[in-house]
Every structure is written in C-alpha cells, then in structure tokens.
Amino acid sequence: MPSAAYLRRQADICLRLAAIASDEADSSRLLAIHQDYTAKADAMEAGGEAPQDAMTPPGAAHAGKHGSSAGS
C-alpha cells in the first residue's frame, strides 16, 4: 500500500506535468489526477487507510481505449 508521502509525490508530478502540457484536455486530466492523489493522501493522514485503488488515477480504466491501432 502506498504511503501518503508517495501519493503526494505523484500529485506533485501530475501538477508539474499539467503546467507544461500543450494540450488543454491533457492538462485538465492531470489536474484531476493531482486532486485525486492529494485527496487520498489527506484521507490517509487523517487516520484512515488509503482506498484500495490508491494507485489507480482517475480515468485509468479508459487509458487503453485511445492507443494506436498499429499492427491490427
């Protein structure tokens, strides 16, 4: 299970990437992930455990749907 410090580092990475993203949609997704990781870290530090899906950023289930179709 990830620690709150790990989740905060991941949130920081997303925030930095959002700041330099050239695509508005990508930037928005990264900001949403940043907020999700921060909320999970806050919950963990408040005395609760991180949710089971603490390692899964929002929208990750849809990530494979936009890949290239090369080789098909």
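This report describes the helices of a predicted model, their packing, the nonpolar core and several individual residues.

## Basis of the model

The structure is a predicted model, in which local features need pLDDT of at least 70 and side-chain atom pairs count only at pLDDT 80 or more, whereas totals for chains, interfaces and linings use all residues. Residues are numbered from 1 along each chain as its sequence is written, and side-chain values use heavy atoms, with hydrogens and water left out.

## Overall architecture

The protein has two helices and zero strands; helices (H or I, at least four residues) and strands (E, at least two) are DSSP runs numbered from the N terminus. Of the 72 residues of the protein, 22% count as buried, where buried means under 20% relative accessible area, exposed means over 50% and partly exposed lies in between, with a 1.4 Å probe and protein chains only.

Among contacts between residues at least 6 apart in sequence, 53% join residues at least 24 apart, a contact being defined by heavy atoms within 4.5 Å.

## Packing of the two helices

Two packed helices are described by the angle between their axes and the distance between the axes. Here helix 1 (residues 4-20) and helix 2 (residues 24-45) pack at an angle of about 160°, with their axes 8 Å apart. That angle makes helix 1 roughly antiparallel to helix 2, since angles over 145 degrees count as roughly antiparallel, those under 35 as roughly parallel, those from 65 to 115 as roughly perpendicular and the rest as oblique. The axes are lines fitted to C-alpha atoms, for helices over the stretch in contact, and the angles run from 0 to 180 degrees between N-to-C directions.

Helix 1 passes helix 2 in a left-handed crossing, a term that applies if the near helix is turned anticlockwise from the far one by less than a right angle, with clockwise giving right-handed. On the side of helix 1, the contact is made by A4, L7, R8, Q10, A11, D12, C14, L15, L17 and A18, and on the side of helix 2 by residues including S27, L30, I33, H34, Y37, A41 and D42. The residues of this contact divide into 13 nonpolar, four polar and five charged, with Ala, Val, Leu, Ile, Met, Phe, Trp, Tyr, Cys and Pro counted as nonpolar, Asp, Glu, Lys and Arg as charged, and the others, Gly among them, as polar.

## The nonpolar core

The largest nonpolar core has ten residues, namely A4, L7, A11, C14, A18, L30, I33, Y37, A41 and M44, and helix 1 and helix 2 each supply at least two residues of this core. Such a core is a set of buried Ala, Val, Leu, Ile, Met, Phe, Trp, Tyr and Cys residues joined through side-chain atoms within 4.5 Å.

## Individual positions

A11, found in helix 1, is buried, with a relative accessible area of 2%. Not counting residues up to four places away in sequence, A11 touches H34, Y37 and T38. A11 and L30 are 19 residues apart in sequence and 8.8 Å apart in space, C-alpha to C-alpha.

L30 lies in helix 2 and is buried, with a relative accessible area of 18%; with residues up to four places away in sequence left out, L30 touches C14, L17 and A18. The C-alpha atoms of L30 and A18 are 5.4 Å apart, although the two residues are twelve apart in sequence.

S27, also placed in helix 2, is buried at a relative accessible area of 12% and, leaving aside its neighbours within four places in sequence, is in contact with A18 and A21. D42, found in helix 2, counts as partly exposed at 40% relative accessibility, and D42 and L7, 35 residues apart in sequence, are 9.4 Å apart from C-alpha to C-alpha.
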